[in-house]
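Hello,

Here is the structure you were going to look at.

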Amino acid sequence: MVLTQVRHALDPLSEDEIVAAMRILRETKGLPERHRIAQVALQEPPKADVLAGNDTDREAFILIIDRDQGLTYEAVVSITSGNVRSWKELRGVQPPITFEEFAECEQACINDPDFRAAVAKRGITDMSLLMVDPWSAGAYEDSEGRRLSRALTWVRSSPDDNGYAHPLEGLLTLVDLHAGKVVKIEDHGVVPVPQSDGNYIPKYVGKLRDDIKPISITQPEGPSWVIDGNHVSWQKWKMRVGFTPREGLVLHQVSYTDGGRDRPVLYRASVAEMVVPYGDPSPTHRRKNAFDVGEYNIGLLANSLELGCDCLGLIHYFDATLADTRGNPYTLRNAICLHEEDFGMGWKHTDFRTEEVAVRRSRRLVVSFVSTVGNYEYGFFWYFYQDGSIEHEVKMTGIVSTGALMPGETRKYGQRLTPDGLYAPIHQHYFNFRLDLDIDGVDNSIYEIHAETEPAGPENPLHNAFYSKATLLTTEQEAQQHVDPMRGRIWKIVNNGVKNWVDEPVGYRLVPGTNVGALVGDTSSVYKRAGFMTKHVWVTPYAEDERFPAGDYPNQHEGGAGLPEWTAANRSIEDTDIVLWYSLGSHHPVRLEDWPVMPVQRVGFMLQPMGFFDRSPAIDVPPEPSHCH
Ligand code: NI
């Protein structure tokens, strides 16, 4: 095997490597006739080998669906050695729904006479204007091994109309995606299709505002980063940028240079899962709970940012190399955007006696991607700051999932959006971030810290005392916790083997932003399937195969997999390599203002140094060279 290009062990597979891996797989195994390649991704080498700088094989993880037998195969192919290192047959699992199946599901419905009859009952005869979205089926019926989607239907009024304004309420179509056939139609009765338009493209919007003057971001001396392949250096930060079909953007080996030393912070970070449970018990909406990572592959659904203006200023784009369902590689141009932003004031002090003003601007490095999952858009933004902080922000936008009410009807579980019955059910968006932190090395421990009021007493005569109380979390079950904003709860990850200048272990803290509890009932299907959302914080000892908090294959899975299953063992998480899983929920009672395209809503969290440095690492940021001084 000749792949002379020098690549880092964590670089995503190249087009050549995907071609080579598929050839080795086909030659060695002979794939089933009606198969589909559900995923081709880098099989990441063992962490210990990467950290030790050992030579490792370049390997591909390939997921194969046999559409006739309804079986799934996992293969690991060594591109370096030219052989299939492992081959596993899986029964009763369903890989994520492929983009190809979006169109096939729609066609299967349109081909079905009973579906057409149900649509005709709603006054629709032009099938070309229908939009059938392949919602994941969940685990609400015995699938008998079938690969299912519970499809929902909308209709456009013209080819470029926003069809989500016109839902066919009450019509649910269970589709066998392998057979390309409708299994069952549930028709809960005709609700008139709302006719008000929900268009947002300029030709429909009418007069656009005309009082906006241009803003130009110029960086006349170029950017402050140095990029070498997938390796990024910016200010004192270093990292590797990766991309997987399932998670999209992945950050590897994030470190901060301090006193000439590269100090590790994160080994790997990604959005490992997300779920959107809907809160309306009506027949059309009560089984809606899409897992956009594990059921739809947000990486494969990532936008090519070439066409848009998603970032301003000087931009470095990373392409993503992916494989289609035949296993052929293709390039998703400009999948990841990297740019710098001025971020206002970084720090400031005025010495009122000398009138000396010290002010520094904050600069941040932004690494982001955007994914379109049916009606919704999710932007995932990592920010790196000069003070050693890392922030993640999710930007939620796109079009809310809609339904229709009878004329004049109001609904406890949703918000009316138009007078003629369009409404949007209440729901939540739950993300889970897998943060493999390595604070100055792999062996870390974690503390829960919150503020406590000291009881009044001789040592606290005015009863003013309060303090930070830190509790070491020693096992997985102790570490399953919730945010507590009233007491400012944070979690601090420390390395007991490295001390700062006040002789405390160096650490980083997770600072939650707004967060919410899961509101579906604890006997509901999605509560079991998305167990990760039932606690905000989980900590596990590092295990190579524990990557996805709702399990490897959440599609149609009955639940219990992933974090709840692993942590039942209640393993020790003290002075060992630990992974922090942060579940971040956003409550979405829909507003009229979220229609027709929701203005960006933000949720996120921070990772901040806490005793990692001996003093502010941003003190050496120079003043602006201009009129400020
Ligand atoms: Ni929402």
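Start with Arg240 and Asp11: their side chains meet in a salt bridge, 3.4 Å from N to O. Arg240 lies in strand 11 (residues 237–244) and Asp11 in the segment before helix 1 (15–29), so the pair ties together parts 229 residues apart in sequence. Helices (H or I, at least four residues) and strands (E, at least two) are DSSP runs, numbered from the N terminus. Arg240 is buried, at 11% relative accessible area. Asp11 is buried too, at 8%. Buried means under 20% relative accessible area, exposed over 50%, and partly exposed in between (1.4 Å probe, protein chains only).

Before going on, note that this is a predicted model: local features need pLDDT of at least 70, side-chain atom pairs count only at pLDDT 80 or more, and totals for chains, interfaces and linings use all residues. Residues are numbered from 1 along each chain as its sequence is written, and side-chain values use heavy atoms, with hydrogens and water left out.

The salt-bridge count comes to 44. The rule asks for a side-chain nitrogen of Lys or Arg within 4 Å of a carboxyl oxygen of Asp or Glu.

Another pair is Glu247 with Arg547, at 3.5 Å from N to O. Glu247 sits in the loop between strand 11 and strand 12 (248–258), and Arg547 in the loop between strand 28 (537–541) and helix 7 (563–567), 300 residues apart. Glu247 is buried, at 1%. Arg547 is partly exposed, at 21%.

Now the interface. The domain assignment (automatic or from a database) gives domain 1 (2–90), domain 2 (99–205) and domain 3 (225–442 + 474–484 + 510–609). How many residues of domain 1 are in contact with domain 2? There are 6, and they meet 6 residues of domain 2. Contact means heavy atoms within 4.5 Å. In domain 1, Arg36, Ile65 and Arg67 lose the most area to domain 2, together 81% of what that side buries.

The rule finds 4 salt bridges across this interface. Arg67 pairs with Glu104, the closest N and O atoms being 3.8 Å apart. Glu104 lies in helix 3 (residues 99–111) and Arg67 in the loop between strand 2 (59–66) and strand 3 (71–78). Glu104 is partly exposed, at 27%. Arg67 is buried, at 14%. Salt bridges that share partners join Arg36, Arg67, Glu100, Glu101, Glu104 and Arg147 into one network.

Best wishes

Methods: Buried area = accessible area lost by both parts, 1.4 Å probe.
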